[in-house]
Amino acid sequence: MTQTLLTLAEVEALARKAHAAQTDKAGRPYAEHLQAVAEGVRERGGDDEQIAAAWLHDAVEDDALSEDWLREAALTPRTKEIVLALTKREGEPAESYARRIRTTSGALLVKVSDLAHNGDPARLAVLDEHTRARLTKKYATMRALLDLPPY
């Protein structure tokens, strides 16, 4: 029996529910970040599989949804691959993480959108100086590892 795939609206609702109790470093609802990444993917010409992955890109890493859930979810194999590519493993070197993103079809566009939102100066401006400096360096390093130009 063929499984009916989740619609983008259903993926969005799932992601919002999974991250409902989570906030970002500025105390904002985490779903705002997911929405910004998904919109960024759409604006950059991403397809529905990439948009679905954008909604779910932090779900496994943040333990909002399990890897087992992802494996069984009514999503395309490509969407699942992108989510797993974007899931940083504990203790994983940044170089390995970046290599996986670069070599997984469709993952780089989602990460570009993620980095664009994370590195948004307006978003960083509300953080304390130490956190802002640490994150700015972290995002610049990842952009370099992904062969992306600096901001």
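**The pocket and its lining**

Tutor: Helix H9 gives the largest share of the lining of the largest pocket, five residues. Helices here are DSSP runs of H or I, at least four residues long, numbered from the N terminus. This is a predicted model: local features need pLDDT of at least 70, side-chain atom pairs count only at pLDDT 80 or more, and totals for chains, interfaces and linings use all residues. Residues are numbered from 1 along each chain as its sequence is written, and side-chain values use heavy atoms, with hydrogens and water left out.

Student: How do I read a pocket?

Tutor: Rolling a probe the size of a water molecule over the atoms shows where empty space is left. On a 1 Å grid over the protein atoms alone, a pocket is an open set of points where a 1.4 Å probe fits, with protein on both sides within 12 Å along at least five of seven lines; lining residues have an atom within 4 Å of a point.

Student: Which residues lie nearest the centre of the largest pocket?

Tutor: Lys25, Tyr30, Asn118, Lys138 and Tyr139 do, out of 27 lining residues. The space in this pocket is about 600 Å³, the volume filled by probe spheres set on the grid points. H2, H6 (94-103), H7, H8 (121-125) and H9 (129-145) each supply at least two lining residues.

Student: Is helix H3 buried or exposed?

Tutor: Buried means under 20% relative accessible area, exposed over 50%, and partly exposed in between (1.4 Å probe, protein chains only). Seven of the nine residues of H3 (48-56) are buried, so the rest of the structure largely encloses this helix. Among them are Ile51, Trp55 and Leu56.

Student: Which helices do the buried residues of H3 pack against?

Tutor: They pack against H1 (8-18), H2 (30-43), H5 (77-85) and H7 (107-118). Contact means heavy atoms within 4.5 Å.

Student: What caps the N-terminal end of H3?

Tutor: Asp47 does: one of its side-chain oxygens lies 3.1 Å from the backbone nitrogen of Glu49.

Student: Where does Asp63 lie?

Tutor: Asp63 lies in the loop between H3 and H4 (67-72). Its phi is positive, near 60°, and it is not glycine. Asp63 is exposed, at 69% relative accessible area.

Student: What lies over the face of Tyr97?

Tutor: Lys88 does, 5.9 Å from the ring centre. A charge sits over a ring if NZ of Lys or CZ of Arg is within 6 Å of the ring centre and within 35 degrees of the ring normal.

How values were computed: A polar contact is a pair of N or O atoms within 3.5 Å; within protein, one must be able to donate a hydrogen and the other to accept it, and residues adjacent in sequence count only if both atoms are side-chain atoms.
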